[in-house]
Every structure is written in C-alpha cells, then in structure tokens.
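Visitor: I would like to know how the labels on a model get decided. Could you walk me through them?
Guide: Gladly; let us look together.

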Amino acid sequence: MDRLQKNIKLSTYTTLHVGGVADYLVEATTKEELEVALHWAKAHTATPPLILGGGSNVLISDEGYRGLVILNRITELSYKEIGGKVFLTVGAGNSLDAVIADTVEKGYWGLENLSAIPGTVGATPVQNVGAYGVEVSELIDSVVAIHRDTFEEKKFTKQECLFGYRDSYFKSEEGSRWCITTVVFVLSTIPAPRITYADLSMLAKESPSQKEIRETVMRVRSKKFPDWNTVGTAGSFFKNPIIAKETFVELQQQYNDIPGYIQENGEVKISLGWILDRVCGLKGYRLGNVRLFEEQALVLVADKNVTAEEIDSFAKIIEEKVFEKTKIKIEREVKNIFFKK
Ligand code: NAP
C-alpha cells in the first residue's frame with residue numbers, strides 16, 4: 001500500500017496530545033484509498049483498523065495500537081441548489097469549521113451556530129454534534145459509509161442514523177464498524193437565524209446576518225473554551241446529563257437556581273458545567289497535569305507531557321465526585337480507545 005507509515009506516535013493526531021505508538025498509519029484522501037486501506041488491514045493485521053478524523057474526541061491509550069490507523073482525509077465538497085434548498089455533499093475528512101466558513105461566505109444557512117468546533121465533518125453525525133440550539137441531525141440529509149469488514153457501501157437516511165442527544169447509530173457496537181466517507185447536508189438560501197441561547201442574546205435585533213452569528217459564536221467560544229492549538233483539550237469531556245423530572249425536582253430542592261431544560265419526552269437536560277462549578281466546587285480543579293478549565297468546568301485541559309492514564313484517572317475522580325454529590329452517573333463525550341478493560 002502506498003504511503004504506509006510504521007511506528008507512528010498517535011499523540012500528534014489528537015487534540016489532547018496523548019496516544020502511544022501505532023504499528024501502522026496511512027492517510028486516505030479518497031473513498032478508493034480508504035477501501036484499499038481497509039482491505040490491507042484485513043489481510044495484514046489481527047485487529048480492526050481505527051479511523052481517526054480530527055482526533056478531537058478521543059482519549060487514546062499510552063500503549064498505542066498494534067494495528068492500522070487510517071486518517072480520514074477525504075475532502076470532496078460540492079453544492080447543488082434546488083429551489084431554496086442547497087444540498088452540500090462533503091467528504092468526511094474536511095475540517096468542519098472550514099466548511100462552515102465556506103457556507104457563510106456563500107450565504108447558505110444552517111451550520112453557522114456550529115462555528116469554531118474542532119474536528120472533521122465525518123465526526124459530526126457520530127455524536128450528533130450540536131451547539132447553541134442547532135444539532136447536525138436537523139441539517140443532515142444522508143450519510144454514506146463503507147463497512148470496515150464487508151466493504152459494503154451504504155447510504156444511511158437520516159432516520160437510519162438514529163440520532164439522539166450527542167448520540168447516533170454510529171456510536172453503537174454495530175454502527176461503529178461503518179467508516180463514514182461523506183455527509184450530505186441540506187442548507188437553505190432563506191435566512192433563518194437561531195439565537196434563542198442566552199450566549200447569543202446580544203443578537204436579538206432584526207435579522208442578524210450569518211456572518212454576525214458566526215462571529216458572535218466564535219467570540220463566545222474563544223472566551224469559554226481553551227484554544228486547542230495551544231493546550232491539550234477535547235472540548236467538553238463529559239455529556240450534559242438528561243435526567244428524570246423527579247430527580248430534577250429533588251435537585252431543585254437543594255439547589256433552587258439549578259438550570260434545567262425540559263426535553264420532548266419530559267426528561268430534563270441539566271448543565272454539567274454548572275453542577276461541577278456550583279455543586280461540586282470543581283471549576284479550575286487540578287491534579288498533576290490535568291485540570292477542569294477555569295472558564296467552563298465541562299472542559300478538561302491537559303498540560304504538556306500528560307499521559308492518557310493520568311487523564312483517565314482524573315476523569316474517574318470527577319465522575320465519582322459528581323456521583324457523591326448528586327447520585328448522577330455522568331457519561332463521557334470523549335471516547336477511550338485501546339484501553340485495556
Ligand atoms: P451552555 O450554553 O452553558 O449550556 C449548558 C447546557 O444548557 C447545555 O446542556 C445546553 O444544551 C443547555 N442550554 C443552554 N441554553 C439552552 C436553551 N436556551 N435551550 C435549551 N438548552 C439550553 O453550554 P456550553 O458548555 O458553554 O457550550 C455552548 C454550546 O456548545 C452548547 O450548546 C453545547 O452543547 C455546545 N457544545 C457542543 C459540543 C459537542 O457537540 N461535542 C462540545 C462543546 C460544546 P445543549 O447542549 O443542547 O446546547
């Protein structure tokens with residue numbers, strides 16, 4: 001296989017800057033190259049290949065990987081306008097933010113609230129990335145993927161993606177065997193500003209432009225989130241919990257100003273950043289090389305030379321502390337990879 005590299009440190013490819021050495025690594029810039037890499041892995045390695053996009057949502061073990069890592073760098077991009085709708089077909093390896101910048105430039109509405117999120121387009125359907133009142137599931141028409149073991153190519157309709165809050169079919173055991181090659185979004189030429197979140201309230205005037213929304217989101221995020229170019233971070237490390245209404249009412253009795261957002265099914269989404277700060281007093285909490293960010297406690301920040309083991313242990317301590325105080329079992333948004341069970 002062309003451009004196959006051996007003994008490559010994965011820390012270079014993750015935004016937490018951790019991850020040991022992989023036996024093999026290759027970049028796939030087209031669907032065909034991805035297929036070749038999948039066939040190579042089946043023939044030459046005992047373990048399934050790992051597909052990496054921007055590496056912004058993974059915690060890779062210090063032991064690295066005895067197999068093939070495929071960097072998804074498929075970068076096709078095309079627009080098709082039909083009536084007021086715009087079908088945007090994007091290769092999974094494109095940077096999400098670069099694609100959003102392009103849609104804003106062209107005046108195609110939909111993705112602007114997701115500005116400045118790290119990572120590639122291929123990762124967005126997996127965890128149904130969302131921010132400031134918009135989730136990609138609302139904008140996705142379909143997702144094309146290749147099966148890692150059978151090499152079948154399939155177009156998943158939006159319904160087949162089984163989207164939930166930061167969740168989808170692609171996070172399941174079976175779904176994770178599909179390698180996403182292309183995402184098709186449906187955008188609109190008709191302005192549709194979404195500014196219901198308090199962080200965007202300064203835009204509550206007549207019809208803010210797409211550019212104003214993008215710039216505001218970028219400004220807010222630059223204050224609340226650390227710059228992943230300069231420190232080790234994976235953005236929000238944990239998911240915001242969705243809890244039963246009764247549990248929320250009990251919490252309200254103790255913490256009467258706890259914010260909660262009622263979901264369609266009656267459950268309540270609560271802000272874990274708020275709990276970590278106000279209930280657990282953990283904003284800025286540090287142990288060795290790892291800490292919870294001073295501006296937003298949901299974000300874990302790691303110093304240089306940190307190990308994956310250290311981050312994993314730190315996260316377990318946070319999980320325990322939240323459970324002690326609230327009896328809520330929090331879940332990680334970031335996925336542990338190659339950790340021995
Ligand atoms: P935030 O704005 O402080 O909000 C904290 C929590 O409150 C989130 O669960 C958010 O829900 C919810 N919330 C706030 N205003 C709401 C409203 N008007 N209606 C319904 N729910 C509301 O959150 P943050 O940590 O600073 O993050 C800013 C945005 O970026 C949030 O939307 C967050 O979800 C998003 N984000 C997404 C990812 C990701 O997809 N991986 C990573 C980092 C941040 P939602 O989570 O549903 O927005």
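Guide: Contact means heavy atoms within 4.5 Å. This is a predicted model, in which local features need pLDDT of at least 70 and side-chain atom pairs count only at pLDDT 80 or more, while totals for chains, interfaces and linings use all residues. Residues are numbered from 1 along each chain as its sequence is written, and side-chain values use heavy atoms, with hydrogens and water left out.

Visitor: Which residues does F185 touch, leaving out those up to four places away in sequence?
Guide: F185 touches V86, F87, L88, V90, L111, V121, T124, V136, L139, I140 and D141.

Visitor: What makes a group of residues a nonpolar core?
Guide: The group must be buried Ala, Val, Leu, Ile, Met, Phe, Trp, Tyr and Cys residues joined through side-chain atoms within 4.5 Å. Buried means under 20% relative accessible area, exposed over 50%, and partly exposed in between, with a 1.4 Å probe and protein chains only. The largest such core here has 41 residues, and L111, L114, F156, F170, F185 and L187 have the most contacts inside it. At least two residues each come from β7 (85–91), α2 (96–106), β10 (140–147), β12 (178–188), α4 (210–224) and β19 (299–302). With five residues, β12 gives the most to this core. A second, separate core has 37 residues, including I243, W274, I275 and I311.

Visitor: What counts as a helix or a strand?
Guide: Both are DSSP runs, numbered from the N terminus: helices are H or I with at least four residues, and strands are E with at least two.

Visitor: How do you know how many disulfides there are?
Guide: A disulfide is a pair of cysteine sulfur atoms within 2.5 Å, and a search of the whole structure finds zero. For C179, the closest cysteine sulfur is in C161, 15 Å away, so that pair is too far for a bond.

Visitor: Why is C179 called buried?
Guide: Its relative accessible area is 3%, so C179 falls under the 20% limit. C280 has 16%, so C280 is buried too.

Visitor: Why is D62 called partly exposed?
Guide: A relative accessible area of 32% lies between 20% and 50%, so D62 is partly exposed. D62 is found in the loop between β4 (58–60) and β5 (65–72). Leaving aside neighbours within four places in sequence, D62 is in contact with G20, T307, A308 and E309.

Visitor: Which polar atom of K269 lies by the ligand, and at what distance?
Guide: A polar side-chain atom of K269 lies 2.3 Å from an oxygen atom of the ligand. For R166, a side-chain N or O atom is 2.8 Å from a ligand oxygen.

Note on methods
Polar contact = N/O pair within 3.5 Å; in protein donor to acceptor, adjacent residues only side chain to side chain.
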